[in-house]
Amino acid sequence: MRVRTVVLGAATGLALGYAAVRAVQAAADLRRPAPSLAERDPRRYGAARRSLMLAGLVRGVAALAGTAFVLADPLERSLAPLPRRLRAPAFALAVLVLDGVRDLGIDYVEDHVLERVYGNSEQPARGWLEDHLKGVAVGAVVASLMTALADALVVRAPRRWPWIAIAATPPLLAFATFVMPLFNRYEPVTGELEQRIRALASRWGVGNASILRFDMSRQTKKANAFVTGVLGTERIALADTLVGAFPADETLFVVAHELGHYVRRDPWTGIGLGTTAVSLALLGADASLRATSGRGVDGPAQGARLLFWAMLVQLAAMPLANAASRALERRADRFAVAATGDREAGVRAFRRLGEQNLAEFEPPRWAELLFASHPSLAARIRALEHIS
């Protein structure tokens with residue numbers, strides 16, 4: 001018990017101490033914004049991002065441990081006067097508010113300041129804060145509703161709830177494929193580019209897809225594109241940072257890559273892989289919870305501990321999930337070459353993406369194996385150059 005107390009105290013102190021340091025840095029930046037670096041260095045940027053990612057994993061585990069094993073029980077007792085059906089969503093909302101306040105400085109420094117300093121964004125602090133708070137508000141509403149549903153399920157099926165939740169996962173993930181990124185404006189792409197994209201999409205059965213341009217430049221200078229939707233609801237979305245900076249043939253290759261995901265049914269593969277991941281996380285977390293506490297989920301505090309164990313299972317499975325994702329990305333690259341017949345445009349597009357997105361062409365191999373959902377740009381270019 002003493003060791004457990006020391007470990008939890010250290011974890012809570014780590015999470016709070018890290019947040020305090022970032023809050024001080026955020027306040028200093030608001031008073032006097034840090035200047036952009038004179039040179040955009042992808043290696044330095046990549047190293048900074050890796051350091052923050054590793055720190056974020058440790059901090060995330062520590063913070064959730066503090067919530068699950070230190071804060072959860074007193075918070076649950078404080079909510080006891082509420083009706084039973086309101087306790088779980090109120091618990092979730094309280095935790096989200098506390099986490100949001102604690103992490104605001106972290107998010108500001110690591111998302112906004114870092115991108116501005118490295119020249120990836122010119123978004124003002126006020127604009128970033130508005131988008132951040134909107135995202136937090138939307139997340140709070142969704143989390144409260146999902147927590148209420150999950151709690152009702154646990155009450156009605158205390159032993160069978162993991163299997164019911166697993167069965168409900170595929171339709172929820174399918175619904176997620178319809179969701180477009182929030183806080184951006186979308187408008188139709190017109191002119192020759194629209195005609196070329198539609199001609200390409202028509203060859204693969206999605207000629208009626210909506211072809212849209214969105215104002216990604218509000219948040220970042222990085223370029224992106226995606227295809228979303230299933231069963232006749234397809235939308236091809238291009239960032240204005242892509243359309244404005246890439247020649248038409250390179251843009252067409254990027255779109256062909258995204259179409260490759262659709263044609264090869266990667267959204268459905270993703271739903272299957274996501275359901276598998278949720279299954280492993282829920283069943284593993286439920287077993288760990290029962291083994292360590294002697295009981296299952298019987299209230300919000302136990303629910304928080306379930307999330308802690310689920311997080312550990314997800315972290316353990318992350319390298320396998322990323323390996324599967326990289327395989328799908330390589331297949332989409334091959335599809336794009338076959339669809340456009342323009343391997344050189346693909347090579348140029350990847351090089352331009354690296355320059356514009358400040359991406360390392362070849363990060364350390366361990367980082368790619370453990371954390372990367374996409375192959376390195378160098379590996380993708382080598383693969384294109386060897387396609388006959």
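A salt bridge is taken here as a side-chain nitrogen of Lys or Arg within 4 Å of a carboxyl oxygen of Asp or Glu. In the predicted model, Arg 295 and Asp 298 meet this criterion, with their closest N and O atoms 2.5 Å apart. Arg 295 is partly exposed, at a relative accessible area of 36%, and Asp 298 is likewise partly exposed, at 45%.

Across the whole structure, 24 salt bridges are found. One of them joins Asp 73 to Arg 305, where the closest N and O atoms lie 3.2 Å apart. This pair connects distant parts of the chain, since Asp 73 belongs to helix α2 (residues 42-78) and Arg 305 to helix α10 (residues 300-340), a separation of 232 residues. The two partners fall into separate accessibility classes: Asp 73 has a relative accessibility of 30% and counts as partly exposed, whereas Arg 305 has a relative accessible area of 8% and is buried, the limit for burial being under 20%.

Glu 130 is partly exposed, with a relative accessible area of 39%. Arg 126 reaches 66% relative accessibility and is therefore classed as exposed, a class that begins over 50%. Salt bridges also link Arg 59, Asp 99, Arg 102 and Asp 103 into a network.

Arg 59 of this network also takes part in the packing of helix α2 against helix α1. The axes of α1 (residues 2-31) and α2 come within 8 Å of each other and cross at roughly 125 degrees. The two helices are therefore oblique to each other, and α1 passes α2 in a left-handed crossing. On the α1 side, the contact is made by Arg 4, Leu 8, Ala 11, Thr 12, Leu 14, Ala 15, Tyr 18 and Arg 22. On the α2 side, the residues in contact are Leu 52, Ala 55, Val 58, Arg 59, Ala 62, Ala 63, Ala 65, Gly 66, Phe 69 and Val 70.

The model also contains an open sheet of four strands, arranged in the order β1-β2-β4-β3 with mixed pairing. Strands β1 (186-188) and β3 (225-228) form the edges, each pairing on one side only. From one strand to the next, the twist averages 30 degrees.

Helices α6 and α8 both accompany strand β4. Helix α8 (residues 248-263) packs on the sheet and touches β3 and β4, its direction making about 30 degrees with that of β3. Helix α6 (residues 191-202) lies across β2 (210-214) and β4. The direction of α6 is at about 140 degrees to that of β4.

Definitions and conventions
Residues numbered from 1 in each chain as written. Predicted model: local features only at pLDDT ≥ 70, side-chain atom pairs only at ≥ 80, totals over all residues. Heavy atoms only, no water. Pairing = 2+ DSSP bridges. Axes fitted to C-alpha atoms, helices over the stretch in contact; angles between N-to-C directions. Contact = heavy atoms within 4.5 Å. Buried < 20%, exposed > 50% of the residue type's maximum accessible area, 1.4 Å probe, protein only. Parallel < 35°, antiparallel > 145°, perpendicular 65-115°, else oblique. Left-handed = near helix turned anticlockwise from the far one by under 90°.
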